[in-house]
Amino acid sequence: MTPQLIDHGPVTCLNVTGRGAPGGPEHVSAIQALYTVAAVMNVQAGPLEGRWWVEDERPYLEVSRDEWRWHLLLPLPDLPEPGTADAARETARVSGAAVDRVQVVTFTEGRCVELIHEGPYSEEHVSLKVMDDFMTEHGLVHNGLHHEVYLSAFDDPAPRTLLRQPVASSAGQELSGSR
């Protein structure tokens, strides 16, 4: 379990922003909305991703999961033509999914520490500690939202998740090791 330092350029995604526990009603509704709009757009979107944060002074694991905030993302292969997502939302509205919340966004994370976590989500804290230790060893600090790429289905008994943390150098140390 060795973290890697990787640069990420701009990514365009379908996005829904929300708050609540993973697997809770709002989270599940957002996932359904993303996949519904992607299907109407007839695009082969990438794996589901999530960017997570809390608006609290306490460490996130001490905050109730109902208070977690997130951007759920489906990466798109190409930037859609203007109006495509609007038309897809309008067409998909009859599905009953919360499609009005789906937006097209582009973001860039830049330099990131990544690690593939294999196992239950409840054990991610072990992998996150490995990433934090790597960051400390390399003079790096958090510089953006915690990011997860779900490489397997949520109900998989042995899930695989790519954990990603945007970083910056602390105190002007030189970053190296990019792929």
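Where is N42 found? N42 sits in the loop between α1 and β3.

## Before we start

What you see is a predicted model, in which local features need pLDDT of at least 70 and side-chain atom pairs count only at pLDDT 80 or more, while totals for chains, interfaces and linings use all residues. Residues are numbered from 1 along each chain as its sequence is written, and side-chain values use heavy atoms, with hydrogens and water left out.

The names of helices and strands follow a simple scheme: both are DSSP runs numbered from the N terminus, with helices being H or I of at least four residues and strands being E of at least two.

## E109 and its partners

Next, find E109 in the loop between β5 (103–107) and β6 (110–118). With a relative accessible area of 10%, E109 counts as buried. Which side chains make polar contacts with the side chain of E109? One is the side chain of H147, at 2.7 Å, and another is that of R164, at 3.3 Å. A polar contact is a pair of N or O atoms within 3.5 Å; within protein, one must be able to donate a hydrogen and the other to accept it, and residues adjacent in sequence count only if both atoms are side-chain atoms.

If we set aside neighbours within four places in sequence, E109 is in contact (heavy atoms within 4.5 Å) with H8, R51, L145, H147, R164 and P166.

## H147, in a strand

H147 belongs to strand β8. Is H147 buried or exposed? It is buried, because its relative accessibility is 0%. The side chain of H147 also has a polar contact of 2.6 Å with the side chain of E49.

Leaving out neighbours within four places in sequence, the contacts of H147 include G50, L73, F107 and L162.

## The largest pocket

Now look for the largest pocket, which has a volume of about 840 Å³. Of its 30 lining residues, those closest to the centre are Y60, W68, E124, H146 and E148. On a 1 Å grid over the protein atoms alone, a pocket is an open set of points where a 1.4 Å probe fits, with protein on both sides within 12 Å along at least five of seven lines, and lining residues have an atom within 4 Å of a point. Grid points are joined across faces, edges and corners, and the volume is the space filled by probe spheres set on the points.

Which element supplies the largest share of this lining? That is α3, with seven residues. At least two lining residues come from each of α1 (25–41), β3 (49–53), α3 (124–137) and β8 (146–150). The lining divides into 17 nonpolar, eight polar and five charged residues. Ala, Val, Leu, Ile, Met, Phe, Trp, Tyr, Cys and Pro count as nonpolar, Asp, Glu, Lys and Arg as charged, and the others, Gly among them, as polar.

## Cysteines without a bond

How many disulfides does a search of the whole structure find? The search finds zero. For C13, the nearest cysteine sulfur is that of C112, 13 Å away. That distance is too far for a bond, since a disulfide is a pair of cysteine sulfur atoms within 2.5 Å. C13 is buried at 0% relative accessibility, and C112 is buried at 0% as well.

## A stop in helix α2

Finally, A88 is found in helix α2 (residues 84–92). A88 counts as buried, because its relative accessibility is 4%. Not counting residues up to four places away in sequence, A88 touches V37, V40 and M41.

Terms used
Buried < 20%, exposed > 50% of the residue type's maximum accessible area, 1.4 Å probe, protein only.
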